[in-house]
Each structure stands twice: as structure tokens, then as C-alpha cells.
Amino acid sequence: MRWVKRHLLPAYAFLAFCYLLLPIAVVILFSFNAPSGRYNYVWEGFTLDNWIHWDAPSGIQSAVVKSLEIGVVSTVCATVLGTLLALAIVRHRFRGRGATNMLIFLPMSTPEIVLGASLLTLFLNRQIVTGFGTIFIAHVMFIVSYVVVTVKARLIDFDRHLEEAAMDLGANEWVTFRKVTLPLLAPAILSAALLGFALSIDDFVITYFVSGPTQTFPLFVWGAARVAVPPQVNVVASAIFMVAVLVMIGNVLWGLRARRARESMPAAVPIPEALPRPEPI
Amino acid sequence: MSFLHRHKGLTPYLLLLPGILWLALFFVAPLGFLGYQSLQSGTFDTGYTFDWAFSNYWNAISDYHEQFVRSFVYAGIATILALLVSYPLVYWIAFRAGRWKNVFLILIVAPLFVTYLVRTLAWLNILADEGPVVGFLRDIHVLGPDGRLLATSVAVVAGITYNFLPFMALPVYVSLEQIDARLLEAAEDLYASKRQAFLHVTLPLSAPGIVAGTLLTFIPAAGDFINAQLLGTPRQYMVGNVIQSKFLDVLDYPSAAALSFILMALILVGLLAYARAVGTERLTG
Amino acid sequence: MSTPITRRQLVERGAAGLTLLSLPGLLAACGGSSGGGGGELADVLRFSNWPLYIDYDEKAKTHPTLDQFTAKTGIKVEYFEDINSNAEYFGKIQRPLSQGQSIDRDIIVLTDNERFLGLMIDKGWVEELDKDLIPNFTNLIDAQKSPPFDPDRKYSLPWQSGMTGIAWNEKITGPVTTVTQLFEDPKLKGKVTALNGMGDTPGLVMLDNGDDPSNVTDETWNAAVERIQSAVDSGQIRRFTGNDYAQPLSQGDLAAAIAWSGDIYQLLSSNPSLKWALPTKGGIIWTDNMIIPTGGSVPTASTYMNFVYDPKIAAQITAYVAYVPPVSGTQAVLQKSDPELAKSQLVFPSDEVLAKTHQYDSAALNNQDYIEQWQRVLGA
């Protein structure tokens, strides 16, 4: 009985992972399928052809390229805007701080369909033609909040002693920011950027409303789902998946290495965090 | 000296300006336009005129209250299921997985990296009438001989649960991970059983994560339309489907705008009630 | 070194400025540029069509007839398969068109049994064809010479026609020959889908009721909708579909479906047990039409239209697409190259079969009450 109890939780975890990863396995598996007809739902044989000729279905290549372009451009923009916002909120006191917090939080709590629909209404009313530009606007808008939340979390825990030490040593605010704050903030900014990029690449609902004639990859899949989804869709989805997982694993390994490097460093310079906080007098 | 040194107080405003401007232009203003459009009347052919048509709201509620209720029910069930499924999983990762924590975390987040539509379509494959899952369920008599999973509310709710599970799992994980193990040791020292330790220490301490996870799951789920469209039938259609159809098929913008506003209002009301119950700081951080 | 705060301030201002600047720039660059509307032949033809609706060489990954067009005229073709639904596509293009802006297309293809084709023409969002550049216009079959939405064929030319009937999977059920059987046979319960097109499903039901779909009245409409609604309520109809009945039908999730003729022909290669037929009481015939949206290049589009009205070219397209070609002489060409196809009733229906097909009332398609009622049936 004890054996069962002890292994119940890990067994459950294993089953839960199977459940989570089953559809992914199906997607990846069927990217290697060689369907004889239009439909890719029955396994008929292994082939690498779909991977080699991933751009065979017309429109898939331009859709993927568009998705990547929009992803990069909107992520960069949103990361910059979001980091600035996070810095302002965490480090400064100003009037309307609560309202600003609310404003940033609201897009995350609005259903995507409402965000998309309202943006479309704006564009329709102001007679702005929908396309790449409007997708860019929409993506930055909904990514910014996530960037703020991610960077803010790191900023709140940020030990300002290091910055104070740098300024005590003669650096001014800008140099301190550049050489102390930013590098320490870099992992959080990078995480935020990765999150933003992932959100942008995968976005369907908002993009659906504001894309006009432009096609991103998720929109291409939606169109294909109406008729027949070619195996190349699985190929692209699998490729994106594998790259993302590799990046995340890399991130984790890098973090592990950095930690090990720090731990193996001789403690010649006392790390401020390790110092006990002085008792208030 | 420099401009900023003299106007130190301006720094935050300058930092805020670009982001706030963007949100004001592309989040707040559109909502304003949506509200304006929701009070218009007319058709696509004849054009729209603004005439304080509050009837749009009334009609939206009376015509589609079924879909509203359904959306919230589906989202609610999916959220609870997501919590029940993910809690033991992330508990195991936080407390038992040791060095491999981050790897398992990646596995939880991994599904999010397959395009939403593609992973929903995979379920079409897995839950097919002639597929292994349905076959198995028929064999063990959970489903009748003609039973099916696709095109039922079961499939839709299952799809929603699956798609938003990582959003529940991650916040819960974060709060579980932050629990100081010494607190649990202390509980044990005070003769608490494992179950009591869990109920009185772990669970309450993981509450912030559960709150965050619930919000991150419920809100997008309530507005979803893809799962209902791909895995369900019109009898499972949610508010999102109606809004999508009115905006893009029927081209009835005022009704669509009214529906969107009602959806948002309902969610905000729920949010405020929730916030009152659990405390605002937990929400906005 | 100048004051660091100024630099920081510069960076912040620069970042903000950059994003704001890029905004209108992006919008201008990526918004609709007015196309080559006007009298000159362009170098590129921009053609939006439905998926799987033109010939395609799997091995070479090209569209042979498009290549032949380029070889003959020197005009390159940008081919987009981005029309999946008349309503959705129209929703995307109506805003720029309503402001007289071009949508960067010379030819788009819309269906005549949904209201949007008629709407485009009525609103004047189309350019007139240059018939002088389309001598092959005479190859248009008689039945298509004068449709109600474009009586003089000033703005449109058919691309392909198709028929709406009933498809079934032989392995799961015997022939499904009437709408009554489809909607009421208990053996088919929950394994049936209907098309979401307002001109398709109600049309078939009207025929089954003995009414005329080309002349819709409130009575005939209500009678049809009532029958459909009760089939939905009883669980007989699983759901409404566009093209997406094809996969479940092929897969065995469905026993039968209201379906389009050409789809079934293309499905036969992956599932030979699929059959299609017009219901005994009659079916609907519809036509996808090429039109030139505002701003499209009339001479370029007209040249292309003339090209595809050559029976030899039409034959190549039809051989792949398997819908009903509007170009007379196509059957004769195919009798030599693909006799099997030339005999197919799906692609070249006999006069007997054609007599049982009807076109749907285009005025009824625009009736706002009907539209809302239909949307309600569809569940939204």
C-alpha cells in the first residue's frame, strides 16, 4: 500500500504529461505521413518529403514569413515599450500609478475576441486599411502587458544595492543603468521578449479580425482547415515547436551554467545579497 | 544641468509615455469606438446611423442569453478541470522533481508552442468516431455503440481545458515553488499529518497562484470560439461564435459590438467580485 | 561626455519616436496602394481564388495553365488561394472597396448563390470587362449567358459551376436519395451535415417540399427553415459546414452530407466508397464567377479571362478541379485526353440531370429577415 501511495503521484504526473503531449505527438507524427489523397488523418507511410518540400502548398511560405516578420517587429517594439513601463511603475512614484497599473492589466483580462473586434471597429471607422500595419499595432498592444508583468516581477526583487554600489564608485545614472541594471535585467527582458514572440506567432483571434487580406501562419491554418490541412502545416508547427523547446532548454542550461559558475567563484567579493540586513537602530 | 535633472519628476512620465500612448490609442480608443458602434442601428446595405440604440443591448441579451450562459458554464467547468488536472502535476514538479524541475516545466508549456489551431485540429484526429479513443470508450461501455465524442459539449469543454491548462499550471507552480520547505517541516514537527500539512499550509499558500491561474484560464476561455467551431456543433456555440459570425459573416456591426461589450462587462463584473474576495494586490501584482 | 541623462532621454524619446514614426509609415506602405486600374496591360496579374480550384502539378509544384499564360502573354501571375468563404472574404475587402480603394487584386472569384456577388455589382465595386479583349466570350455556354445579377455579362464571367446534392459513404449507409431521408432516417441520426450556405440547404429543402427555389416567398422560406430547424433540434443534423464536411465524410464520422459535386470527385482518390447524387426531387446549381474589383487592371484581367475561355485551357483546369466548366467545347477536348472524365455526370451533366437543377433566387439572398433567420438556425 505504501508503495502505491508513494508512486501514485509520479504515476499521475506521468499520465498527465502523456495527456499534455499526446496531441503534439500526433502533430509531429503526421508531419511524416505520406497521404495519398488530400486528407492527412490516416497513417499511410513514412516520408521525409513533407519536410523537404515544406513550402509546397501555395501560400504557406509567405504566411510563415509574414508571421516571423510580424513576430520580430512587434516583439521588439512591445519589449521596449513594456520595459519602459515596468521601470516607471516599479521605481517611481507618480500620480495615477494605480490607474496605470489597471490600464496595463486590462488588455490581459479582456477576451481576445473583444480586443480584435474593437480594433477592427477602430480601423473601420477611421478608414485605416487593414493589413500588415494593423496586425503589427494589434500585436504590440496585447504583448505589452505581458512584457510589463514579466519585467516587473524581476524589478520588484531587484537588489538595488548593486546600483547604489556602482554610483558610490562614481558612476552616474546612465552608466549605472547601462552597465549594472540592464545586464541584470537582461534575462527578464529576454524572457519577456520570448514570451511576446511566442504570443505573436501563435495569435489567431485578434489577427483574424484585423488582418484584412494579409495571411499569417495561423490564418493560413484556419483557411486550410476549411478544406484540407496539408501535412506541411504539421511540418511548420512541429518546426516552430522544436525551435521553441530548444530555446527554452538552452535558456535553462545557460541559467544552470551561470549558477554553477557563480558558485565556483572564490568569495573574494562579498555578495550583497548574502549580507544580513542591518538591524534598524 | 540637464533637462531631466531639473525635472526629475518628469522621468516616470517620459518612461510611461510611449507605452501608455500605444495602449490609449489602440486599446482604450477602440473600446470607445466599439461602444459607439454598439449604439448604432442600420444594416450593411443601408448604412449605420448613431441613434442611442440601446435596443441592441436588449436584443443581444434576449436573443443570445443561452450562448452567454453556455460560455460561462463551459469556461467555468474547463477552469475547474484545469485546476484539478494540473494541481497534482505541478505539486509533483515543485516538490518531487528536484533538479529536473525546469525541464518538466518546459514540457508543460510545450503545447503552447504548437499553433493553437493545429493542436485543436489534432484532437479532431484523436477523438474521431472511428479512432482508438472512441473505440476504447465504446468497448468499456462508457459510450453507446453509436456514441461519439466529437461534435458534443464534452469535446468542446475538453478542448478548452486542454488549450488553457498551461495557463493554470504555471501560476500555481510559481506559488507552490515559493513555499518555504521549512514551513512544511515545522508543520510536521507540530505533529501535523501529511494531509493536514497540505490542507493547512500548502493549499492556502498556493492560493495566489490558484487565483491568478483561474483568471488566466477563465477569461480567455469565456471568449473562445475556436473549440466550439472545430469540435462542436451550433448547439455548443458560445458567445465568441456569435460575435465572430455577426462581425465577419452577417456584417451586423452594431449587434456584434453590443455583444462584445456585454461579454466584457460580465467578465469585468466577475473580476471585480473576485478581486473583492481575494484582494486587489494579488491581481495586479 | 555630454550629460548622460540627455542620452538616456534621447534613447527613450528615440524609441518612442521610432515606434510612432513607423506606424503611419507601415500603414502607408502596407495599406492598399491603388492598383493598375486603367487602360494599360500590367506585368502582373493578381488573382484570388478558392483553394484547390485550379490545375496543380504535384511534382513540379506549379500551376501549368498559369505558366502557359505567362509563356503566351509575358504576364506573370500572383495566385492567392485566400478565399475560403464568400462572407469572410467580402468582410475583408468591403471596407477599402467602399472607399474606392483598390484591394490589390485584378480578379477575384465569388459565388452566385450567396448575396455578396450581387452586392459587389450593385454597389459598383467592380470594373467593367473589356469584351474586345475577350473574343472567346462566344464560348460561354448558353445557360450562363444572362444571369439575374449581371444580365448583360458586363462585369462577370463564370469560372466553374457546381451542383449541390447529397453525398454519402457507401460503407456506412445505402444510397441517400432524398432530403427527407437525410433529415428523418433514424439510422442516419447525428451522422449528417448540411451546408451553411443560405442558397444551398434551404434550396434543397424547398425542392423537397415541392417549392421553387428560384422564386422564394415567405411561405416557402418559412416551411424550409422549419424543417431544417427540427432536423437540428432532433440531433439529426450534426452540424453545418462549409467545405469541411469532406474530411469527416471521408473519415467515417459522417454517413451523409449535403455536398458539392466537385469535392466528391476529388475525394474519390482517397476514399472510393463516396458517392454523390442530386436528390430525386432536384438540386441546386451555382456558379463561381470571376469579377474585377475596383482598382483591378481591366486589360490584364480580361486577357486572362479570354485565355481560360479557350477550350483547351478550360479542359486542363477542369481535369484537375472536376467541376462543371462554363466553356463549350471542353468536353470534346477531354474526350481525347481523359475520356473517363468526359463521361462523368458530375462534370458534364447530361441535359436530363441539368433539368433537375435550379438556381437559387438571388433576391432572397439579400433579404435581411431571411439572413437573420438563417443565422439563427446556424446557431449563431
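In chain C, strand β3 (residues 107-111) pairs with β9 in the antiparallel sense over four bridges; helices (H or I, at least four residues) and strands (E, at least two) are DSSP runs numbered from the N terminus, and two strands pair if DSSP finds at least two bridges between them. The model is a predicted one, so local features need pLDDT of at least 70 and side-chain atom pairs count only at pLDDT 80 or more, while totals for chains, interfaces and linings use all residues. Residues are numbered from 1 along each chain as its sequence is written, with chains lettered from A and ligands numbered from 1 in the order in which they are written.

As for burial, nine of the nine residues of β9(C) (residues 283-291) are buried, so the strand is largely enclosed by the rest of the structure. Buried means that 20 or more other C-beta atoms, placed from the backbone, lie within 10 Å of the residue's own. Ile284(C), Trp286(C), Asp288(C) and Met290(C) point one way from β9(C), and Gly283(C), Ile285(C), Thr287(C), Asn289(C) and Ile291(C) the other.

Over in chain B, helix α4 (residues 101-109) packs on helix α7 (residues 153-177) at about 155 degrees, the axes being 9 Å apart. Axes are lines fitted to C-alpha atoms over the stretch in contact, and angles run from 0 to 180 degrees between N-to-C directions. The two helices are therefore roughly antiparallel, a label for angles over 145 degrees. Leu105(B), Ile108(B) and Val109(B) of α4(B) meet Pro166(B), Ala169(B), Leu170(B) and Tyr173(B) of α7(B), contact requiring C-beta atoms, placed from the backbone, within 7 Å.

Chain B also touches chain A, with 63 residues from chain B and 65 from chain A in the contact. On the chain B side, α2(B) gives the most, with 18 residues.

Notes
Parallel < 35°, antiparallel > 145°, perpendicular 65-115°, else oblique. Contact = placed C-beta atoms within 7 Å. Buried ≥ 20, exposed ≤ 12 C-beta atoms within 10 Å, placed from the backbone.
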